[in-house]
Amino acid sequence: MIDYQRYTLPNGLRLLVHEDHSTPMAAVSLQYDVGSRDELPERTGFAHLFEHLMFGGSRNAPSYDDPLQMAGGENNAFTNNDLTNFYVSLPAENLDTALWLEADRMAGLTINENTLDVQRRVVVEEFKETCLNEPYGDAWHHISDLSYTTHPYRWPTIGLTPKHIEEASLEEVRDFYQRHYNPGNAILAITGAVRSEVVYRKVLRYFGHLPSGKTPQRSIEQEPPQRSSRRREVKARVALDSLYLTFPMPHRTHPDFFVLDLLTDVLAEGPSSRLYRRLLKDRELATTIDAYVTGTHDAGLVVVEAKPREGVTLEELEAAILIELDELRRDCVHPMELQKIKNKLDSSLTFSELSIVNKAINLAFYEGIGDVSLINNEDEIYARVTVEDLRQAAGEYLRPDCCSTVLYKSMGEQDRLPLPLAAESAEA
């Protein structure tokens, strides 16, 4: 159980505080409600760009890292489809340093031609290194583009193409900052050796005077139901072929999310899971196999991915996986099989609560999806899932007629094909 106090400042900043006096440290998680789904199709990658820009200095702190390191702190950040999170751990007695730094870059981030050019080069180089020059690096470009036709989840967080960042103007970047990085669009979670009332006063001191900003009004067109299967074949210079199957699923707080999360664990969580035991170990059709849910704020995906063993085609492996999914739709999972998965999940949830950093990030996340109480009662939701729930979910969601399949094939020593976009793809 994570006890917390929840506050909302007059400018809209939401604050969650959890006291943990078993440590002399404190953790700060500042989450902005902005991710790649908030970008324009012709200007993707902006949220990820700002993950970098936010460390480029601000009005009163030319360097973000130097004061934090002098205070004994460490920091990092991540961006995904739905959010951007900046987190810090430091001695609790130096909490003011972290709050001052976060407030200063929220109020007056340094965005000029020089800082933009520096981070632009970093981001473009990262795109080339991880997407264009790394085996399977563009896989999620194809998976996203095939699985979504309307929703901005159809491009990955890093963006569709480096050109969108290369061609971004200073005005466009500043406008993105003004719209999304303000108190009304942020959640601050603080955990560790702190007192809630004291923390509230400190946050009010550093953030209370900042203007709330205009909270962006999303008008995202939701993905229509998928009525037929989709296929795409990709050829690239990779050592092994790879297979990706996706199935549409509900949003993160939908009751079926928890059922499907457990169902993917039944399929591929550990050596005793169904796909691992039957297709990798017994039949020796695959060298790796995995299944998971994306867990996005809006409707997401169930993903099954695998690499075939030498001599096995992608089509043969695909057929074997679909047979296993069909069995789930027809026959219930054994109660002991489900209980084992629940026990593993319960342990994972318990361990995630040991770190004050994890607790700060999780508090901000659950507040962001609209129900911070889930941090304490998700385990009860998982515990109530039955084998019949699994069978019904498999029948409703894991159907071949709503499957998107990417066949990622090796093309040997030939030149790598350019990164395809939707208009260039070949689908059946």
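A disulfide is a pair of cysteine sulfur atoms within 2.5 Å. A search of the whole structure finds zero disulfides. The sulfur of C402 lies 7.3 Å from the closest cysteine sulfur, that of C403, which is too far for a bond.

The model is predicted: local features need pLDDT of at least 70, side-chain atom pairs count only at pLDDT 80 or more, and totals for chains, interfaces and linings use all residues. Residues are numbered from 1 along each chain as its sequence is written, and side-chain values use heavy atoms, with hydrogens and water left out.

Six strands form an open sheet of mixed pairing, in the order 1-2-6-3-5-4. Strands (E, at least two residues) and helices (H or I, at least four) are DSSP runs, numbered from the N terminus. Two strands pair if DSSP finds at least two bridges between them. Strand 1 (5–8) and strand 4 (74–79) stand at the edges with a single partner strand each, so one side of each lacks a neighbour in the sheet. The twist averages 15° from one strand to the next; axes are lines fitted to C-alpha atoms, for helices over the stretch in contact, and angles run from 0 to 180 degrees between N-to-C directions. Strand 3 (residues 25–32) pairs with strand 5 (residues 84–91) in the antiparallel sense, over eight bridges. Within this pairing, L30 stands opposite F86 of strand 5.

The structure holds 17 aromatic pairs. Rings of Phe, Tyr and Trp (its six-membered ring) pair if their centres lie within 6.5 Å; planes under 30 degrees apart count as stacked, over 60 as edge-to-face and the rest as tilted. The F176 and Y181 rings have centres 6.3 Å apart and planes at 50°, so this pair is tilted. Both F176 and Y181 are buried. One aromatic cluster includes these two residues, together with F55, Y64 and F86. R105 lies over the face of F55, at 4.8 Å from the ring centre, and over that of Y64, at 3.9 Å. Such a charge has NZ of Lys or CZ of Arg within 6 Å of the ring centre and within 35 degrees of the ring normal.

Helix 9 (residues 255–268) has twelve of its 14 residues buried, so it is largely enclosed by the rest of the structure. Among them are F257 and F258. These two form an edge-to-face pair, 5.3 Å centre to centre with 85° between the planes. Just after helix 9, G270 takes a positive phi of about 90°.

Methods. Buried < 20%, exposed > 50% of the residue type's maximum accessible area, 1.4 Å probe, protein only.
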